[in-house]
Amino acid sequence: FYLNFFVFPTYAKQFPYKLSNSPWSLTDDAANTHPVTGFSGTNELQLLYPLFMQQHDMEFVRPTNTKLNQLLANPDSITHLREHRHLLPKDLNVRNHKLNVVLDVGAIVKQSNKAFVAEWLSLRPDKTAAIYFDEQNRILVLLRSGKSVVYKASRFYNNLDECLTYLDDCHTRGTDLPFPIGTVACITLGQDVSRDKLAQAAMRMRKLAGPSNERHRFEYFLPFDVYTSMQVMNGHSEITGACVVQWVQRNTQRMIHEGALNWGYQGLTFQRDKDKLVEQETVSIEELYGDTESIFKSVGAECGSDTQDLSARILRGFEKVRASTAAALSAHSTMKSDSNQKLLNQEQEKELEKELEQQKEFELPPAMQARVPSFWTATWGLRKNQFTANAFIPGNANFTDLFMSKEFAYVTAKQEQMAKHNFDQYQRPVGWVLVMWDLRVAVLLSPF
């Protein structure tokens, strides 16, 4: 147990080689037969795209970022949680108006989805049901009776006037629900939330733009640590919507800085192992538990002494070269914080044979007072080949010639007076058997 879980945990199990894949492999257009296409409402992370991917914004969508920033900078209010860092259902009732939607992009709700909406629904007698996602990513409706039904099979499908809605962090991107006009949402913020995540979560409210009586609205809820971080950034002035936008943009810049080295490492791995299809996985104990900078140095030995050489080495291996991406990688190379850890930001899938270990637990019988050993007269008579069946105890009903001496049979005090009880659990194992061949009798004897 100690070796498996502490000395050699699961993530330390290795194989000589592994199949390696990254976005670079998925977007390789060497054959130019399957071009990658797609769309997104945000484009902050385009600097971390593989070199094969190029973003071409259409003319009419170029002002989207500016419009999004304007919408995100205009919440109805900003509330920070003073007493605790977690969002509780009672925190949603501090305003005169009712909040009917929670977009937990900051992941500050620590209850399960069902437990949170159940408690929230109990505080809102004006609502009939609550919508949430379960562990299988199914969208369900919790009724006041406590029963959960599938959303599309309920009477609340496309009719959310009587419902509360909670979307956890995983489902604040891509979920599309027809919220009624005038719905007010609570958007939570957490540490390291980027503008991309915030914008995607806020746009679950499809009608944020428009006249005040024909649109959706939202409020920000900030845990104490986020509120403190914003105050430090803002010189301890009042926190406004513009401060929130500035704060998430700074998080985005830091994420791009930290992801630049990982981007370069993936590109190097793709170029180096493009023909081999496999990558070496074995890591020594020193590299696993020792100085993590050794891995960074091993990559630098192949590419050069600094990150600028790394970008040049990668870019020379491809036909399509974007000088802007190389410049961005060079610019981000000055970021020193935790760069060696970002180098190992990988998602792995392993097939391991689990060794089943069984441990038996024996339930002992209740404690009883032991009998003081004594020597019976009938047992002493056996030495002279004197045997009387009535003086011994039958050992088994199926064997009429098997007997037990009273020293062997009685092992607890007052056992003779408790004949109806079962004392098999207290019986000592057989050690001595006296066989009298002339009488064709076997007697079990006590070792005392």
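**A first walk through the model**

Colleague: This is a predicted model. In what order do the four strands of the open sheet with mixed pairing lie?
Modeller: Strand 11 (393-396) and strand 13 (432-436) each pair on one side only. From one strand to the next, the twist averages 35°. Four strands make up this open sheet, its pairing is mixed, and the order is 11-12-14-13.

Colleague: Which residue is the bridge partner of L434 in strand 14?
Modeller: Strand 13 and strand 14 (residues 441-445) run antiparallel, joined by five bridges. Look in strand 14 for the partner of L434: it is V443.

Colleague: Which strands stand at the edges of the sheet of eight strands?
Modeller: This sheet is open too, with mixed pairing and the order 2-9-8-3-7-4-5-6. Its neighbouring strands are turned by 25° against each other on average, direction ignored. An edge strand has a single partner strand, so one side is left without a neighbour in the sheet; that holds for strand 2 (78-80) and strand 6 (148-150).

Colleague: Is helix 3 roughly parallel or roughly perpendicular to helix 5?
Modeller: Helix 3 (residues 64-72) packs against helix 5 (residues 195-202) with the axes 11 Å apart. The angle is about 75°. Angles of 65 to 115 degrees fall in one class. Therefore helix 3 lies against helix 5 roughly perpendicular.

Colleague: How many residues of the contact of helix 3 with helix 5 are nonpolar?
Modeller: N65, L68, N69 and L72 come from helix 3, and they meet R195, L198, A199 and A202 of helix 5. Two of the contact residues are polar and one is charged. The nonpolar count is five.

Colleague: Are the rings of F116 and Y166 stacked or tilted?
Modeller: F116 sits in helix 4 (residues 113-122) and Y166 in strand 7 (residues 163-167), 50 residues apart. Their ring centres are 4.9 Å apart. Stacked would need planes under 30 degrees apart. These planes are at 45°, so the pair is tilted.

Colleague: Over residues 317-325, how many contacts beyond four places in sequence does the model have?
Modeller: The protein averages a pLDDT of 76, and 71% of the residues score at least 70. Over residues 317-325, though, pLDDT stays under 50. Where pLDDT is low, the predicted coordinates should not be read in detail. With that caution, the number of such contacts for residues 317-325 is 19.

Methods
Residues numbered from 1 in each chain as written. Predicted model: local features only at pLDDT ≥ 70, side-chain atom pairs only at ≥ 80, totals over all residues. Heavy atoms only, no water. Axes fitted to C-alpha atoms, helices over the stretch in contact; angles between N-to-C directions. Helix = DSSP H or I, 4+ residues; strand = E, 2+ residues; numbered from the N terminus. Parallel < 35°, antiparallel > 145°, perpendicular 65-115°, else oblique. Contact = heavy atoms within 4.5 Å. Nonpolar A, V, L, I, M, F, W, Y, C, P; charged D, E, K, R; others polar. Pairing = 2+ DSSP bridges. pLDDT = per-residue confidence, 0-100. Phe/Tyr/Trp six-rings, centres within 6.5 Å; stacked < 30°, edge-to-face > 60°.
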